[in-house]
Amino acid sequence: MQTFELNTTISNLRSLRETDLSQYDAVYLGNIYCRTFQENFLERLDDLSEGIAQVKDRGLRAYVTTYAAPRNDALPKVQKALETAANVGADAIEVHNMGVLLMVHEQFPGLPVHIGGFANVYTDAGAAVLKEHGAARFTPNYEISLDEIKAIAHSVSLPAEILVHGKMPLGVSDSCFLLEYESQWDEKCPAVCQKDLFLRQRDWAMRSVGRGVLSGKDVCMLEHLPALVADGYRMFRIEAAYETPAYRFNLARIYRSALERVAQGDNTVDELAWHTVRQHTAVGLCNGFYFGRTGGEYVGSQGAAAEVCWLGTR
Amino acid sequence: MELLAPAGNLEMAKAVVENGANAVYVGARGWSRRRDAYELSDEQLHEAVAIVHGGGAKLRVAINTNMQSSEIPALLDKMEKFVGWGVDGAIMTDVGAIAQVHRCFPQLVIHASIGANILNNEDVKFYRAIGVSQVVADTKLTLRELVARKADGYVGIEVLIHANKCYTYLGKCWMSPYHRLERTTDGLGKDLFRGSPNRGGLDYRICLEQWELYAGKLLLEPRVALKNEAFFYLDDIPSLIDLGVHCLKIQGREYPVPLVARIVRFYRQLIDAYVAKRPDPAFDLRPWRLQLEAIQAERDAKRTNMTQVLLNEARQPVPHRA
């Protein structure tokens with residue numbers, strides 16, 4: 001029987017408590033974009049301890065993520081989060097920054113390191129350097145294709161974690177443009193970035209989370225899951241840091257079910273699953289860069305359904 | 001204190017040296033963070049070495065895209081050729097490529113590109129360990145952060161004094177290829193990844209589109225800006241010189257030669273004027289500010305036009321490869 005890991009990201013304790021994690025195997029705790037994100041695990045270390053304990057109590061693996069772009073002033077807090085993770089028994093640390101990788105490697109050599117998507121793994125040579133610094137798995141940079149990922153994973157013998165569903169990160173900033181406008185709105189920081197905010201211009205759309213920019217469309221690899229499994233991938237992520245508990249649960253249920261069917265040699269996806277997928281996208285579906293094309297394109301049988309359905313108005 | 005200038009062609013290489021650059025950087029065609037029109041072929045690069053060295057300056061070659069794994073052997077072949085021609089340094093991003101180039105050419109000075117997005121002092125330690133001897137400071141870093149980096153003292157600091165300050169961190173943005181990515185290989189088989197600033201150099205400046213902001217179906221703001229501003233340093237130049245940063249870098253391979261030459265001449269004269277009087281807390285920047293305003297107006301007009309061309313290009317359909 002093949003074993004898979006399905007994981008997701010949760011930014012704070014409240015969201016963790018509200019989410020049904022029964023379909024997951026592991027959870028990344030923390031918000032990588034913003035230090036002022038509401039009750040961010042990475043800034044509230046008591047919550048982080050509690051979160052790790054809760055995840056492990058549910059029989060899942062607890063990973064702690066770290067900031068995508070930490071400057072010097074964030075490092076003392078990162079250090080504390082790493083100490084907390086080590087003390088409470090986190091199962092791994094996700095790093096997006098070479099400096100943080102060095103900190104973990106030098107100070108917490110026992111903690112497995114997962115390389116995050118912002119760490120920019122583009123080449124096998126790069127992955128080899130990170131492996132020398134303790135990397136146990138990597139999420140490739142989102143810009144590279146499945147062919148490239150496969151070559152890297154095989155060449156370096158480092159397992160890859162694949163984002164299979166959710167909004168793909170497109171960028172991270174040091175500033176939040178929402179702060180320039182929030183005085184005119186009812187909601188303010190730190191709640192405002194959790195609204196369903198989209199930047200839109202004609203048929204282009206991106207999800208804004210303040211300091212982060214995400215794809216407007218949801219990456220969806222549901223119908224390509226059999227190919228991913230055939231290529232040896234076993235760790236899959238549903239990127240849901242800014243999604244609702246219902247999104248996390250419903251998408252996980254679909255992917256868990258699909259993985260179980262793939263394990264039994266059944267590569268079909270039922271229409272009800274597609275219906276749920278479409279219900280949970282505001283803008284449409286894409287495959288990211290996995291097929292070597294423009295990141296917002298969709299390749300596969302759901303091409304028509306993946307077209308822009310702006311916030312359900314299609 | 002080194003003044004580093006761009007060269008998007010041989011004419012620019014000659015002009016910037018004549019106007020006071022101590023060092024010049026060029027992009028190897030298909031391998032640097034600019035579109036191929038502003039990069040040099042190998043033959044041109046060979047010629048650039050002679051031009052720049054003939055003017056008493058150093059030449060660095062930018063090979064700072066995030067290439068494919070399969071392209072690294074070609075990169076090493078290229079680098080062997082460049083080292084043989086006497087280039088003085090390489091500007092690079094990918095940690096694997098840096099480590100391999102350092103292993104093969106241990107005497108070559110490697111500069112970590114702006115694309116490496118080196119943000120903190122631990123980052124600097126990491127890049128130093130894999131063979132980097134000078135790092136480009138991210139445009140978002142404050143003077144205080146540069147002081148902290150300088151205090152560590154084990155790596156050279158390069159500060160951009162004319163460049164773009166994007167909304168996102170450079171090297172951590174793929175908004176452009178999310179909207180349009182064209183896969184094209186050049187005559188030598190190098191994938192140009194048109195539309196990806198990290199992989200091929202061409203950035204459609206998607207952030208500068210006139211975005212509307214929606215909350216669900218509700219239009220919150222009819223026009224929001226993801227700030228991406230071109231800047232010139234002026235007020236901080238004396239502080240940077242006093243701080244002892246190793247290099248002040250001017251970006252702009254894509255601008256016309258006369259404009260870039262003018263920018264280089266301006267900074268050469270400013271640096272020389274301040275160094276002759278330093279330390280001088282009363283150094284008067286007002287006449288320099290007037291000069292810079294005129295240069296800035298010319299630069300802004302060119303940039304606005306280029307941005308519109310790029311955004312239009314981003315809307316064009318992508319011809320798919322077989």
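In the predicted model, 64% of the contacts in chain B between residues at least 6 apart in sequence join residues that are at least 24 apart. The secondary structure of this chain comes to 10 helices and 12 strands, and its radius of gyration is 20 Å, close to the 20 Å that the globule rule gives for 322 residues, so chain B is as compact as a globular protein of that length. Along its principal axes the C-alpha trace of chain B spans about 60 × 50 × 40 Å, and buried residues make up 50% of its 322 residues.

Chain A can be described in the same terms. It has 10 helices and 14 strands, and its radius of gyration of 19 Å agrees with the value near 20 Å that a compact globule of 314 residues would have. The C-alpha trace of chain A spans about 55 × 50 × 35 Å along its principal axes, while buried residues account for 55% of the 314 residues in the chain. Of the contacts in chain A with a separation of 6 or more, 64% are made by residues 24 or more positions apart.

Within chain A, strand β13 (residues 235-239) has four of its five residues buried, so the strand is largely enclosed by the rest of the structure. Strand β1 (residues 5-10) of chain A pairs with β13(A) in the parallel sense over four bridges, and in this pairing Thr8(A) stands opposite Ile238(A). Strand β7 (residues 161-166) of chain A likewise pairs with β13(A) in the parallel sense, over five bridges, with Arg237(A) in β13(A) as the bridge partner of Leu163(A).

In chain B, helix α4 (residues 95-104) is largely enclosed by the rest of the structure, because seven of its 10 residues are buried. These buried residues are Val95(B), Gly96(B), Ala97(B), Ile98(B), Ala99(B), Gln100(B) and Val101(B). The elements that cover them include α3 (72-85), β4 (89-92) and β5 (110-112) of chain B, together with α5 of chain A. Strand β5 of chain B is also the place of His111(B), a residue that is buried, with 26 other C-beta atoms within 10 Å. When residues up to four places away in sequence are not counted, His111(B) touches Arg60(B), Gly89(B), Ala90(B), Ile91(B), Gln134(B), Val136(B) and Glu158(B). Between His111(B) and Asp203(B) there are 92 residues in sequence and 22 Å in space, taken from C-alpha to C-alpha.

The contact between the two chains takes 54 residues from chain A and 54 residues from chain B. On the side of chain A that touches chain B, at least two residues are supplied by each of α4 (98-107), α5 (124-132), α6 (146-156), β8 (169-173), β9 (197-201), β10 (204-208) and β11 (212-215), and the largest share, six residues, comes from α4(A). By class, this side of chain A has 30 nonpolar, 15 polar and nine charged residues. Strand pairing also links the chains, in that β9(A) and strand β9 (residues 211-215) of chain B pair in the antiparallel sense over four bridges, and Arg200(A) stands opposite Glu212(B) in β9(B).

Key: Residues are numbered from 1 along each chain as its sequence is written. Chains are lettered from A and ligands numbered from 1 in the order in which they are written. This is a predicted model: local features need pLDDT of at least 70, side-chain atom pairs count only at pLDDT 80 or more; totals for chains, interfaces and linings use all residues. Two residues are in contact if their C-beta atoms, placed from the backbone, lie within 7 Å. Ala, Val, Leu, Ile, Met, Phe, Trp, Tyr, Cys and Pro count as nonpolar, Asp, Glu, Lys and Arg as charged, and the others, Gly among them, as polar. Two strands pair if DSSP finds at least two bridges between them. A residue is buried if 20 or more other C-beta atoms lie within 10 Å of its own, exposed if 12 or fewer, and partly exposed in between; C-beta atoms are placed from the backbone. The radius of gyration is taken over C-alpha atoms; the globule rule is 2.2 Å times the number of residues to the power 0.38.
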